[in-house]
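Here is a short briefing on one protein model. Keep the sequence and coordinates open while you read.

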Amino acid sequence: MKLKFYIFLFLLTSTVFAQSKQVETSIDTTKNKIGAEFKLTLKTVVSSKSKVVFPKLKTIGPLEVIQSYPIDTVKKNDTYELIKKYGLTQFDSGKYTIPAIQILIDKKPFLSDSIKVEVANVKVDTLQQKMYDIKDISTTDGGIGDWWKYILVLAVIIGIGAFVYWYVKKRQLKKIEEEVYKTPIEKATGLLNNLEQKELVQKGEIKEYYSELTDIARNYIEEAIHIPAMESTTSELIQAIRNASTKKKMALTPETVENLERVLRQADLVKFAKSKPLDFEITEDRNKIQKVILTLDNAIPTEVSAEEEDQLLNEAQRQKQIKLQLLKKRNKRIAIAVGTVVFLLFATTTFFIITKGFTYVKDNIIGHPSKELLEGEWVKSEYGNPGVLIETPKVLKRMDTQKALPKETMALLKEMQLFAYGSMIDNFLITVSTSKFKNPVELDLAKALEGSLKVIEAQGGQNIIVKQEDFQTNQGVQGLKGYGIMTVLNPVNKTSIKAYYEILLFKQDQGLQQITIMHEEGDTYANEITTRILNSVELRKASN
């Protein structure tokens, strides 16, 4: 019985041992600061036919996964060594245990080792460090920009164009109405209907109502009976109608003439004596005028002269001409309105070109990528280790350092982090990198600058002109600044541009911090961005 127990125990321990050897677990450090990165490494050696699945995790126990690095594969004879790294962090101080992680090898589960880590608070020396008063709240530039001003100006110009169109249309309305009517009776009837639609009586404009009412009657009499009615007094007009009735043998009753005279007298009292008829009297006067006009029209002899016969035969042609004239007037209104808008746009643009310059107008109307970056919402953040605190127009993204540097350079580094926005062929490029060397080296910033320029040259930089000078941050940290111009070749369309660059280098023990900025030469907005970025640079001290 004891023999069987020992055999079982041996097999169990052998299995556990084999499993523990199947997956090797390591971590770069067991003690770190709040928010700093722990790098957990899982390593396994398998055959070329094996299938290994590493889990996709957002958290591992109490720690958050901030980065899941690509799997590194190293071939050793007939086997493959697979290395998977996870970047972990924790924002509360304390001691934590990273639990075992399950890895599938050929669908069989294997567990990694659990590891204890400690997250320490950042020490603040309140005795040696100077204390400062709390700063007042400062306002920041609004992200809305000035675009609303240009929209407002454009809306005002379009509004002026619409007003011009309406005004010209109103001025043309009377002429159009006169041209549309074929006969005096049609004109008079149409104008009477338009008069009612204006609702002058409801608005209390009695004088204007009677003035237009009698003008309609006088115009009809002048055009139909050929009496100078517009220039005659009421007495002269009534006498002229009686004479024309006898001369032209018009069958008019005395009542018709008396009704016309009453309305004309009433209108004279309203216009000159400020009389105000009652509502029913106004309605009666309007009906009397309409009846008088219809009676006069019926009383006019219907004999048609040879000349009038020719006019009637050509009526279709006349109507066609009227329609063409109406269309021309409509097109004229549109042309005037559009011309007004174009003129105002031209005048406004010319004014800004004279006062602000052509570049200002082009950049604000058409747009400029660097200007949009400058006026956008900026971000202040810390990158790398030792940290570089910097303000940029966009958040910098972590880049793969394996592709950015040659293998011989990477072999000398213990750790390197690279963050960037843009590229060499974009309007603006900024990179921030931090690195630590494996072995003690004497860091020479001038040689480091040469190395950085070689990397730029390998990525398409040509004819690089280099100047260098000492650089000091606002906190007094000394470094080296390299700057100048170069030609950047676009590998896609084979074109090249002149670019300006600045490279800042700082050394701390075995650590190197670097900031690179590049943009098109002569871009004033990019120059302002560069100045603002460089003025914001703050450096953290390397931790031993």
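What percentage of the 544 residues of the protein count as buried? The figure is 34%, where buried means under 20% relative accessible area, exposed over 50% and partly exposed in between, with a 1.4 Å probe and protein chains only. This is a predicted model: local features need pLDDT of at least 70, side-chain atom pairs count only at pLDDT 80 or more, and totals for chains, interfaces and linings use all residues. Residues are numbered from 1 along each chain as its sequence is written, and side-chain values use heavy atoms, with hydrogens and water left out.

**Overall figures**

- The protein has 15 helices and 23 strands. Helices (H or I, at least four residues) and strands (E, at least two) are DSSP runs, numbered from the N terminus.
- The accessible surface comes to about 35400 Å². Carbon and sulfur atoms hold 55% of that surface. The areas come from the Shrake-Rupley method with a 1.4 Å probe, and for residues only the protein chains shown count as cover.
- Among contacts with a separation of 6 or more, 58% join residues 24 or more positions apart. Contact means heavy atoms within 4.5 Å.

**The largest nonpolar core**

- The largest nonpolar core has 35 residues. Such a core is a set of buried Ala, Val, Leu, Ile, Met, Phe, Trp, Tyr and Cys residues joined through side-chain atoms within 4.5 Å.
- Tyr220, Ile221, Ile225, Ile241, Leu260, Ile293 and Leu296 have the most contacts inside this core.
- Two or more residues each come from helix 3, helix 4, helix 5 (234-247), helix 6 (254-272) and helix 7 (279-299).
- Helix 4 gives the largest share, nine residues.
- Leu260 touches Ile221, Ile238, Ile241, Ile289 and Val292, not counting residues up to four places away in sequence.

**Helix 4 against helix 3**

- Helix 3 spans residues 184-197 and helix 4 spans residues 206-224. Their axes come within 9 Å and cross at roughly 175°. Axes are lines fitted to C-alpha atoms, for helices over the stretch in contact, and angles run from 0 to 180 degrees between N-to-C directions.
- The two helices are therefore roughly antiparallel to each other. Angles under 35 degrees count as roughly parallel, over 145 as roughly antiparallel, 65 to 115 as roughly perpendicular and the rest as oblique.
- On the helix 3 side, the contact residues are Pro184, Ile185, Lys187, Ala188, Leu191, Leu192, Leu195 and Glu196. Helix 4 answers with Tyr209, Glu212, Leu213, Ile216, Tyr220, Glu223 and Ala224.
- This contact has eleven nonpolar, no polar and four charged residues. Ala, Val, Leu, Ile, Met, Phe, Trp, Tyr, Cys and Pro count as nonpolar, Asp, Glu, Lys and Arg as charged, and the others, Gly among them, as polar.

**Helix 4 against helix 7**

- Helix 4 and helix 7 pack at an angle of about 10°, with axes 10 Å apart. That makes helix 4 roughly parallel to helix 7.
- Helix 4 brings Ile206, Tyr209, Tyr210, Leu213, Ile216, Ala217, Tyr220 and Ile221. Helix 7 brings Glu281, Ile282, Asp285, Arg286, Ile289, Ile293, Leu296 and Asp297.
- The residues of this contact divide into twelve nonpolar, no polar and four charged.

**Thr214 in helix 4**

- Thr214 is found in helix 4. At 2% relative accessibility, Thr214 counts as buried.
- Beyond its neighbours within four places in sequence, Thr214 is in contact with Leu264, Ala267 and Lys271.

**Lysines in strands**

- Lys39 lies in strand 3 (residues 38-47). Its relative accessible area is 22%, so Lys39 is partly exposed.
- Lys39 and Ser26 are 13 residues apart in sequence and 8.5 Å apart in space, C-alpha to C-alpha. Leaving out residues up to four places away, Lys39 touches Ser26, Ile27, Asp28, Tyr69 and Tyr86.
- Lys467 sits in strand 19 (residues 467-472). Lys467 is partly exposed, with a relative accessible area of 48%.

**Lysines in loops with positive phi**

- Lys107 has phi near 70°, a positive value in a residue other than glycine. Lys107 is in the loop between strand 10 (102-105) and strand 11 (108-111). At 79% relative accessibility, Lys107 counts as exposed.
- Lys274 has phi near 55°, also positive in a residue other than glycine. Its place is the loop between helix 6 and helix 7. Lys274 is exposed, at 77% relative accessible area.
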